[in-house]
Amino acid sequence: MSEIIKKNLSEIIDLIKKKEIKSEELANLYIDKVNKSKKLNSYITTCFEHTIQKSKEFDKKPNLNSLLPGVPLAVKDLFCTNGFKTTAGSKMLENFIPQYESTVTENLWKEGAILLGKLNCDEYAMGSSNETSYFGNVINPIARDTVPGGSSGGSASALAADLTPATIGTDTGGSIRQPASFTGTVGLKPTYGLCSRWGIVAFASSLDQAGPMTKSVKDCSIMLEAMVGFDNKDSTSIEKKKENYSKNLKTDIKGLKIGIPKEYRVENMPKEIDELWNKGKNILKDLGADIIDISLPHTKYALPTYYIVAPAEASSNLARYDGVKYGYRSSKGNDLIEMYENTRSEGFGDEVKRRILIGTYVLSSGYYDAYYLKAQKVRQLIKKDFDENFGKVDAILTPSTPSSAFKIGEKTNDPISMYLNDIFTVPVNLAGLPAISVPAGLDKKGYPLGLQLIGKTLDEQNILNVAYAFEKNCNFKNEIKNWWL
Amino acid sequence: MSKNKFDYFIKGEKNNYEVIIGLEVHAQVSSNSKLFSGSATKFGAEPNSQVSLIDSAFPGMLPVINKECIKQAIRTGLGLNAKINNNSVFDRKNYFYADLPQGYQISQYKNPIVGEGKVLLDMPYGSKEIGIERLHLEQDAGKSIHDMDPSSTYVDLNRSGIALMEIVSKPDLRSPEEVNAYIKKLRTIMRYLETCDGNMQEGSLRADVNVSVRQVGDKNFGTRCEIKNVNSIKFMQMAIEYEANRQVELLDEGKKIEQETRLFDTKKNETRSMRSKEDAHDYRYFPDPDLLPLKIEQKLIDDLKKTLPELPDNKKERFMSDYGLNSYEANVLVSEKEISNYYEEVAKLSDKKLAATWMMGDLFAMLNDKGLNISKSPISAKNFAELVQSIKSGEISGRIAKEVFELMVESGDNPKKIIESKGMKQQSDPNELEKIINEILTKNKDKVDQYKSGKEKLFGFFVGQVMKQSGGKANPQLTNDILKKLLKG
């Protein structure tokens, strides 16, 4: 029976639809393994009573026409869940229980999914290794001393360790794709505005986007279909007809033009990443795609631009955590200002404080033009780079990350080298484009590496198709040995 | 102050100073729900009963613009003869305060929804144009209540997120009287448009006042001080007066004026420093990434323009040309939409000029006395028109009319009915009058002789006797004519 939870989401859905397994049985399998996998620290909160109750309800009256019939799912702890703690990985929200449900999770439950628990993440999604969480770091199931990436590190770890059949994360600068790459899983960041941001704890509003994290491209298409939809509660939501990503998934990519941007060949990049990239090119070429060299000249400015725009927005978005209305409040302080200072000093961790300080600085009078305004201009240039090339190519292939999963603690004292991990993912967020990371191979340590496919605005179907074709011909196999059990 | 010449100057030791005033008026938009949430906006509701998750800034909550508020801002802009910007941007103004749940106020900074416009003031020394710099939309903050508990502050978020229009004038105002006229004119325009109820007691209209002084003849502006959040015209005038004198005193002493924000203490009638320029907040404005730039189609502006009501300036012109009113009368009668409607109803049914005189006299005095709005007047426009016509036709005299008026106020009755039932009709039958007058002349033969020998002052005596005899109902004109005729004989 425990072989079942190793299966992909699409296979599990088939079992439920064929009535070969009940929702409650499935839930119990996951609950059992979650209980045995605390070492990974991928869950912050579990809600098993709720899971069992809902799965029983499903089994009594199963609706098999939904996309995720009776499927238990854990989600990143950045999505507000009605009646269940939502911490954003922060002491500030340690005991915060929302009385509302995020639009994206609501969409999942409407498609039949059932909440299994809330997954660990970097504090307020700020981090690339899931080491900034107030609830402790998360371990990557591929090796006991490695990070799962971040910020959706708990999601990636739980998925790779079969503690949830699929999951969702949020991606502001690579927070879905980088951990997917580190754990040998699939992660997609949709076009900005495709998934509603309503009810997701905000990090950087103009960059944040929810997306699926799965074991296969097909699973990814199912999850995406379940998550998306126009939401009039989010002013940046895109009004558009829902697509049948899973039904329209195909492997025929003959004649598609795939761009290879020369700027993504960065200094000191491990040779094996370059080799992997070449392997990807060759696979797509063999499948009939045209490989075209392109240039995205402003790529080198993406990271500094991102580290101005994202902290600027964060510094303002996080102002609401002041101890007045909800969340943590320090007991120290003699007046309002001291209460603020103590609450925010004690409630936020170092990385969050660092970004609030950076953000406050770049928006300050006298610095605004030199930093924030300039960054906004560069952001337009980066977007223009993509727009111009998407006249010539249908998708762009790059590595997902400049390295495989690194060691726990390796970069915690060097924020810059930590930030550099997002070098290939950040430009996509700045341009608002969709991109998917798909597992492509293992490095010499046996750690997985991913390749990234970047698509045109709202062209999710196309990059899913290319990733699907690639996956079928890549023969990637994740080797996770359940060492923690 | 002289009626015909502007003369508001502050006398310094050596020089006279001119006072330069600019206003930032905060007008609450009339709308059923808040600027970015669906919460209600009723005044005086139970504390924290009109607060949504958005207004209280829960994690993951997002603002969605209320289109009605946009329309109200556009209508107001059109009423101020201003340019409506097809593209504008909502920015975040960042600061911490307990009644500001988001930690920022959503406002408009560099690109407001409404650009330059103008407002026309009627001053005793002629009409004066006041430039409007801009109008922008922003959220109101909540309310901190410090006096309910000795050691705690309570916060009421009912006001949090309500839409305000900030209307910024150019520094074109020169006296407390002009400020009075300006605020009243703005209020009139917005009430005509129904975009702000202008109720200052409820805080629907408040202002920050910028004051500076300069020597008469000087072309450059002096350093200004901003007096925050003054909520009545009287206090604005007092604050300006105090502040201008304070600045002149400083200059006379050879001191410099520091640019600062000041508070007006209504009890002590003085302004006090709140914070200096150095301590000024750095609000770190930046475009709100939760909201797309606001694009307004020209068609919407054109459509709204078509539905605008007749505004006070135009109505005044029309009242002068159609009803033959003078500028002063027309001004008073257009000052509120309800007043102008009442007047037009009356004027349609009666003498236009006489109607204006009686409205501005007895009717306003009565309403003022009773503290009533004209819409609550105990005398309907139709009845009032009948009263005016009764005077005009000579049916009753002005003196009797005042009595009828009082009875109308008490009973709400039609004046005809009152005149009939109380027998108050004017005695206008020449034969009847002649009979009365003859009687009086016969009774007072000695006085008639004195009159005829040159003591013409006695004419008044005879008139008085006629009035006495007729119970005040004798038609005065007719009485005069007949008396003259008979005394000649």
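This is a predicted model: local features need pLDDT of at least 70, side-chain atom pairs count only at pLDDT 80 or more; totals for chains, interfaces and linings use all residues.
Modeller: In what follows, a helix is a DSSP run of H or I with at least four residues, a strand is a DSSP run of E with at least two, and both are numbered from the N terminus.

Biologist: Why does A:N130 count as buried?

Modeller: A residue is buried if 20 or more other C-beta atoms lie within 10 Å of its own, and A:N130 has 35 C-beta neighbours inside that distance, so it counts as buried.

Biologist: Where does a cis peptide bond occur in chain A, and what is its omega?

Modeller: The cis bond joins A:G150 and A:S151, with omega at about 5 degrees, and A:S151 is placed in the loop between strand 3 (114-119) and helix 5 (153-160) of chain A. In general, most peptide bonds are trans.

Biologist: In chain B, what makes B:N81 partly exposed?

Modeller: Partly exposed covers the counts between the limit for exposed, 12 or fewer, and the limit for buried, 20 or more; B:N81 has 16 other C-beta atoms within 10 Å, and therefore it is partly exposed. B:N81 lies in the loop between helix 1 and strand 3 (87-88) of chain B, and its phi is positive, about 55 degrees, although it is not a glycine.

Biologist: How do you know that B:T153 is partly exposed?

Modeller: By the limits of 12 and 20, a count of 14 other C-beta atoms within 10 Å makes B:T153 partly exposed. B:T153 belongs to the loop between strand 8 (143-145) and strand 9 (154-156) of chain B, and, leaving aside its neighbours within four places in sequence, it is in contact with B:A98, B:S144, B:I145 and B:H146.

Biologist: Why is B:V19 called buried?

Modeller: The cut-off is 20 or more, and B:V19, with 25 C-beta neighbours inside 10 Å, counts as buried for that reason. B:V19 is part of strand 2 (residues 16-28) of chain B, and, apart from residues up to four places away in sequence, the residues it touches include B:Y8, B:I10, B:V211, B:V213 and B:I240. The C-alpha atoms of B:V19 and B:F221 are 202 residues apart along the chain, yet 9.7 Å separate them.

Biologist: What makes helix 2 of chain B roughly antiparallel to helix 3 of chain B?

Modeller: Helix 2 (residues 176-193) and helix 3 (residues 233-252) of chain B pack at about 155 degrees, with their axes 9 Å apart. Angles over 145 degrees count as roughly antiparallel, so helix 2 of chain B is roughly antiparallel to helix 3 of chain B. Their crossing is right-handed. Among the residues of helix 2 that meet helix 3 of chain B are B:P176 and B:V179, while B:I233 and B:M236 are among those on the helix 3 side.

Biologist: How do you know that helix 9 of chain A is roughly perpendicular to helix 11 of chain A?

Modeller: The axes of these two helices of chain A come within 7 Å and cross at roughly 100 degrees. Roughly perpendicular means 65 to 115 degrees, which means that helix 9 of chain A is roughly perpendicular to helix 11 of chain A. By class, their contact has nine nonpolar, three polar and one charged residues, including A:Y307 and A:I308 from helix 9 and A:R355 and A:I356 from helix 11 of chain A.

Biologist: How many residues of chain A are in contact with chain B, and which helix of chain A gives the largest share of that side?

Modeller: Contact here requires C-beta atoms within 7 Å, and 32 residues of chain A are in contact with 24 residues of chain B. Helix 9 (302-317), helix 10 (336-347) and helix 11 (350-363) of chain A each supply at least two residues of that side of chain A, and the largest share, three residues, comes from helix 9 of chain A.

Key:
Residues are numbered from 1 along each chain as its sequence is written. Chains are lettered from A and ligands numbered from 1 in the order in which they are written. Two residues are in contact if their C-beta atoms, placed from the backbone, lie within 7 Å. Axes are lines fitted to C-alpha atoms, for helices over the stretch in contact, and angles run from 0 to 180 degrees between N-to-C directions. Angles under 35 degrees count as roughly parallel, over 145 as roughly antiparallel, 65 to 115 as roughly perpendicular and the rest as oblique. A crossing is left-handed if the near helix is turned anticlockwise from the far one by less than a right angle, and right-handed if clockwise. Ala, Val, Leu, Ile, Met, Phe, Trp, Tyr, Cys and Pro count as nonpolar, Asp, Glu, Lys and Arg as charged, and the others, Gly among them, as polar.
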